[in-house]
Amino acid sequence: MKNLILLILVFSSFLVRSQANRQDDTTINKTQDITLDTLVRYGKLNNGFTYYLLKNDHPAKMIRFELIVKAGHINEDEDQLEYAHLLEHLLASSTDHYPDVRKYLNELGGYSNASISSRYTRYYVDLPSTNKQAATEMLGLLYDWAKSGNVLGRKAIDIERQAIKGEARTLSPNQRWRSNSLITHVLENRGFPVFNQEKNLKNLRDFKPDALNQFYQDWYRPDLEAVIIVGDIDLDSVEIDIKEQFSNLPSTSQQEDKTINPNDFKIQLTGKNRFSTIIDSARNNIKLEIVQLTRNLDREPKNSKDLSNAFVQQLFRLMVASKTSSFKNQYDPPFDNLNPNYGKVFLPDRQLEATLISLPMEPNNLDAQKKSFQKAITAWKQLQSGLDKEDLLQAKKTVAASLAPEKANKSYEISQKLIMHFVYGRSAIISPDQKELALNILSKIELQDIKKYAESYWNLSNNSNFIFLKAPEASVPPPQLIKCWIEEVNTMPLAPHPKRPSISSLSEISNIPTNEKAEVEEFGINEIGVTTIKLVNGIKIILKPTKPQNENFKNIISLQAFRPHRFPLDKPQQYLTAMLAPEAIQYMGAGPFNKFDLERFKNENGISLNFQSTIENQEINGTSALDKFPEFLNLFHLYLKLPGKDQEGFKAWKIQKRKEIEGLSIRGSDSFIFDKIVTAWHPEIPVLGLRDLNDLTKEKILESWNSYYASIEDFKFIITGDFDVENLGPILVNNLSSFPIKKYKLKKNPINLKFPFKKMQKRMEYKDINQVFTNIYFPVEVPSDMKTQIELELLTVALHEKIFERLRNGSYSPKAFGEWIDLQNGIFSFHIQFDSSLGNEENMKKEALEVFRKLKESGVEESWLKSTIKNKVSSYESQFNIFGYLNFWADYLKSTLENEVDPVPGVLNYGTLMEYFIDVEDINEAATKYMKESKIQVFQGYPENYKAKNG
């Protein structure tokens, strides 16, 4: 909140200053280019090679190195499709002088990656500047990336071809197909190469070495390349080194004739609307996707006039985005989705801004189709007409946040701006003076400018695509009828969209009883700064404050709470209802508020709160700013005391749950794979089916919530983040002492879920996948002392590296883990996971087992162990006093509490044991003892109803 107030004051000062000084338009030359800031050391060598250098201290003692090549997918000839991507994979992994790039950088504490787009390829490294020799050597790596003479070995080529094929596979192939089909129909016949995955993959399969080499020689050349180095550097010495090293890159006049300019492949917008239909055999209804196109004015602004136009477009999109939630946040919204940034996210080359509207339609029912269509278009028009000065002010604050002159840009942000300058000629606003100029331009934009833009560029009368995805038998309305429906809406009186008021506070409705004399049974602070408070009602509060990672986490706290659940496994319907109750309740709201009211309240107050159940625990997770923590507790208490009874919310949850069961929901992770593995381990756990879902009622959910969730006895609350125990502790004690408690203590799960410590092999089936997911476990009984735990952890690192290296030839992202299945009973498992194409899974399983056996037999090398221990200790200890994107203490303390382990020895002894009391003989002996296959468990997931060619 303090940051927001500061930002408002900063931006307001610019508004006041610009009004007070009221510059004449003549004081800003609207057509004069905004030149590159003099802080940036910029140069071009005789061979055409470009460099950008900038000293920057954010983050401190770090350097970002980038090599940019103006060569991407549009540079590919017909026989080179996907080869720009293949070359990026090859060079990111290995060059002549750096045969294993990632391993080399990991040993130095650095990180590297690469990416490709339509017009350029980038290779980058983040490296601590404390290693002076390594920082100098990075120029050697950049040089290797820049030259076109690295040897491209056939083995490496084959591995990276398979990796790219793995990238093309997806968790939801039908969803990927729909997305690609939509982009194809929007771009076809517009003068830009249309991506065809099938065609590209065929070209990878029918590999042509000469075509790859030709692409490499044609496009990796100095006149199309730039080095960008930002961070803790000495500008003079780095510039001298660049001139000395990169002047040697050869260039020929013949190559220079082969060039693609920014205006080549310009997407043609004729002003006409387009109508098309896509047959989707997996669909039983119609989905209309409307994509409205305009030029992206932010692609390459060069002067003040360009920047002003770009700001108008950006502000308009922000204003629309802020308004769309009021339409989406209802159980019967006018559209499934409205994305005002579809162009920048999904369409190539940053040429277009585009808005996507998605709406469902009933098949073969023209009246219903008209109603759905006109409802969506009316909402679209209401969005445009409802924009006001308050919306503009909020959008300006958002844009101004990135332009505040005192705001220090991080090195990767500056690097991205310099990439755009090199590739597109876009102005790079970096210095405080340039930011002040931009803020001045921003301050002059008025609401009438936004409305004028909307009238000209944001309507469905031109450059709009109407794309129907439909079941084979479904009929869609003809284009002329669509035009008539739009004209009808244009003549209708337009009522403003009603606004639902925000919730100012939950204190009166939640009404947490005051308890100034809460009794504490135990209080203590241990050697590692963890405070434990036990209340007389059995609740434990564990507090561990840490410094924030950056300003985003200042005064932010995290809450994780858990307790073993007691759901009746012997009563399947009750068990399923209890497991599902947290999901359903959060759809049904709390008190007098529905789901959307509370989501808005959480967003406006920077609060997150989530209830869930796992096979072992009931869990509560959330975050809050310190000054909003009372409202966090109010919301928590309200859910317990007055769970919502919104029937519409309950119906919406059941619809979403049905989609999940039918495999129609969009998957964000591969957790759906693990769910079936858990079911194989524990067949006594009931599995939700459509019949179970149909039998569920709102009343059953509420009854289950009141039975299992409406009180907090026996919960353990872990509080981490940026706070003082002296201030936050009493607030937690007084409030949680007043939360509902049942008089009896919870019993643990009546049926003990025991891991099946035996050999297993199971084939599983999944809806809407196009590959095989393989998980191999190697469970083994081991001592659970800390030294053994560390030995197993190091073996897991070695296994992962070797699995990744071997299985990348066939898998997108092979992994190996080490998991304590049951720490108290000493059951540990190595776990190998990989995806593969259909038909290749058995070969890859064989290779995975070979890797496992070889590590068991040969162990690790001493040099590897030394560097790995150094990195592990450094990484581990760096987490001790940082709270941010990763939250070490929350996860660590939860693990120790669940396993009833003292947290102190692990923190105090981990680094010492690893550095001084573990040698290569220990690790290799552990490999021999614990890497066993006697209880191997293999789980393979196939597409539903898939049968191998051999039967």
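Me: Which elements each supply at least two residues of the lining of the largest cavity?

Reply: They are strand 17 (608–613), strand 18 (617–625) and helix 22 (629–641). Helices (H or I, at least four residues) and strands (E, at least two) are DSSP runs, numbered from the N terminus. The model is predicted: local features need pLDDT of at least 70 and side-chain atom pairs pLDDT 80 or more, while totals for chains, interfaces and linings use all residues. Residues are numbered from 1 along each chain as its sequence is written, and side-chain values use heavy atoms, leaving out hydrogens and water.

Me: What makes a space a cavity, and how many of 30 Å³ or more does the search find?

Reply: On a 1 Å grid over the protein atoms alone, a cavity is a set of points where a 1.4 Å probe fits but cannot get out; lining residues have an atom within 4 Å of a point. The search of the whole structure finds one cavity of 30 Å³ or more. The volume of the largest cavity is about 70 Å³, where volume means the space filled by probe spheres set on the points, joined across faces, edges and corners. Its lining has 13 residues, with Phe 611, Gln 618, Ile 620, Tyr 709 and Phe 715 lying nearest the centre. Strand 18 gives the largest share, three residues.

Me: What classes of residue make up the lining of the largest cavity?

Reply: There are eight nonpolar, three polar and two charged residues. Ala, Val, Leu, Ile, Met, Phe, Trp, Tyr, Cys and Pro count as nonpolar, Asp, Glu, Lys and Arg as charged, and the others, Gly among them, as polar.

Me: Why is Lys 61 called exposed?

Reply: The relative accessible area of Lys 61 is 52%. Exposed means over 50%, buried under 20% and partly exposed in between (1.4 Å probe, protein chains only), so Lys 61 is exposed. Lys 61 is found in the loop between strand 2 and strand 3, and its phi is near 55°, a positive value in a residue other than glycine. Pro 59 is found in the loop between strand 2 (50–55) and strand 3 (62–69), and a cis peptide bond, with omega about 0°, joins His 58 to Pro 59.

Me: How do you know whether Asp 714 is buried or exposed?

Reply: Asp 714 has a relative accessibility of 17%, and therefore counts as buried. Asp 714 lies in the loop between helix 26 (698–708) and strand 19 (716–721). Although Asp 714 is not a glycine, its phi is positive, about 70°.

Me: What makes Ser 836 count as buried, and which residues does Ser 836 contact?

Reply: Ser 836, in strand 23 (residues 827–836), has 0% relative accessibility and so counts as buried. Contact means heavy atoms within 4.5 Å. Leaving aside neighbours within four places in sequence, Ser 836 is in contact with Arg 169, Gln 771, Val 772, Gly 810, Glu 841 and Met 844.

Me: Why is Lys 397 called buried?

Reply: Its relative accessible area is 12%, so Lys 397 is buried. Lys 397 is found in helix 14 (residues 389–401). The C-alpha atoms of Lys 397 and Leu 315 are separated by 9.9 Å, although the two are 82 residues apart along the chain.

How values were computed
On a 1 Å grid over the protein atoms alone, a cavity is a set of points where a 1.4 Å probe fits but cannot get out, and a pocket is an open set with protein on both sides within 12 Å along at least five of seven lines; lining residues have an atom within 4 Å of a point.
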